[in-house]
Amino acid sequence: MTSLTGKVAIVTGASRGIGLAIAKALVREGVRLGLLFRSRPAVPGDFVSCDFADLEQIPAAVGQLVERLGTVDFLINNAGTFLEKPTPGLPLADWERVQRVNLTAPFLITREVLPRMITRQQGRIIKRITTLSRTTYGLSATAHGSGIPTLKSMTSLIAPNTVPAMARKRMSHLYGRGAAAVNSGAVTAAAAT
Ligand SMILES: NC(=O)c1ccc[n+]([C@@H]2O[C@H](COP(=O)([O-])OP(=O)(O)OC[C@H]3O[C@@H](n4cnc5c(N)ncnc54)[C@H](OP(=O)(O)O)[C@@H]3O)[C@@H](O)[C@H]2O)c1
């Protein structure tokens with residue numbers, strides 16, 4: 001496998017769970033981390049705090065982090081929130097918060113990072129997505145689940161159109177794509193770390 005030593009990655013949601021496991025794995029591979037966080041992750045790196053529910057914070061926070069890092073080779077849009085609440089009576093504010101954190105925040109972060117990757121003709125964007133069991137969650141996961149197809153579409157539209165030369169050469173390999181949506185299935189915090 002190609003060495004990742006010296007590469008730079010922004011990881012969101014690395015305070016726990018899958019994001020923490022990804023961050024630790026990248027550190028082991030010699031990757032320098034930039035962490036956009038709400039609760040500070042216990043990994044070495046450059047940190048900028050940002051609550052993704054407050055979309056206004058995002059462009060400046062990403063800009064500040066990229067400025068410090070100098071460059072970005074990988075963007076891991078991992079942060080997300082889960083809401084299990086029945087659709088009947090689901091408050092609009094809850095619906096909107098979930099869409100802000102899970103859908104609009106990754107868009108805004110990607111929007112800030114992508115131009116630099118396009119200029120360099122180098123970079124990878126990975127979005128953590130999910131699938132939800134209709135039988136387990138059904139009406140209780142509409143806020144969480146409804147954004148998933150949009151995230152998949154966004155990722156698949158970005159993938160072949162950002163770094164076309166690289167994407168064409170190595171389309172079938174995850175790290176050879178401009179962007180990829182990764183679905184790991186269900187993962188517990190203990191399994192992730
Ligand atoms: N676990 C699974 O089985 C599974 C399966 C498929 C997909 N996923 C997706 O994979 C991602 C990680 O899953 P996980 O189970 O590791 O999640 P998790 O343990 O709940 O961790 C979520 C991370 O996102 C951060 N986050 C949440 N809301 C935020 C906000 N408003 N602003 C900034 N950061 C925020 C959390 O920070 P705080 O510590 O501050 O809350 C935390 O670091 C999520 O997007 C999830 O939807 C999970």
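Leaving aside neighbours within four places in sequence, threonine 5 is in contact with Glu29 and Gly30, where contact means that the C-beta atoms, placed from the backbone, lie within 7 Å. The structure is a predicted model, in which local features need pLDDT of at least 70, side-chain atom pairs count only at pLDDT 80 or more, and totals for chains, interfaces and linings use all residues. Residues are numbered from 1 along each chain as its sequence is written.

**Around threonine 5**
- Threonine 5 belongs to the segment before S1, the strands (E, at least two residues) and helices (H or I, at least four) being DSSP runs numbered from the N terminus.
- Threonine 5 counts as exposed because 9 other C-beta atoms lie within 10 Å, and the cut-offs are 12 or fewer for exposed, 20 or more for buried, and partly exposed in between, with C-beta atoms placed from the backbone.
- Between the C-alpha atoms of threonine 5 and valine 27, which are 22 residues apart along the chain, the separation is 8.9 Å.

**Helix H1**
- The buried residues of H1, which covers residues 17-28, are Gly17, Ile18, Gly19, Leu20, Ile22, Ala23 and Leu26.
- After H1 comes glycine 30, with a positive phi near 85°.

**Strands S1 and S4**
- S1 (residues 8-12) pairs with S4 in the parallel sense over 3 bridges, pairing requiring at least two DSSP bridges between two strands.
- Valine 11 has isoleucine 76 in S4 as its bridge partner.
- From S4 (residues 74-77), Phe74 and Ile76 point one way while Leu75 and Asn77 point the other way, and all are buried.

Methods:
Expected span 1.5 Å × (residues − 1). Contact = placed C-beta atoms within 7 Å.
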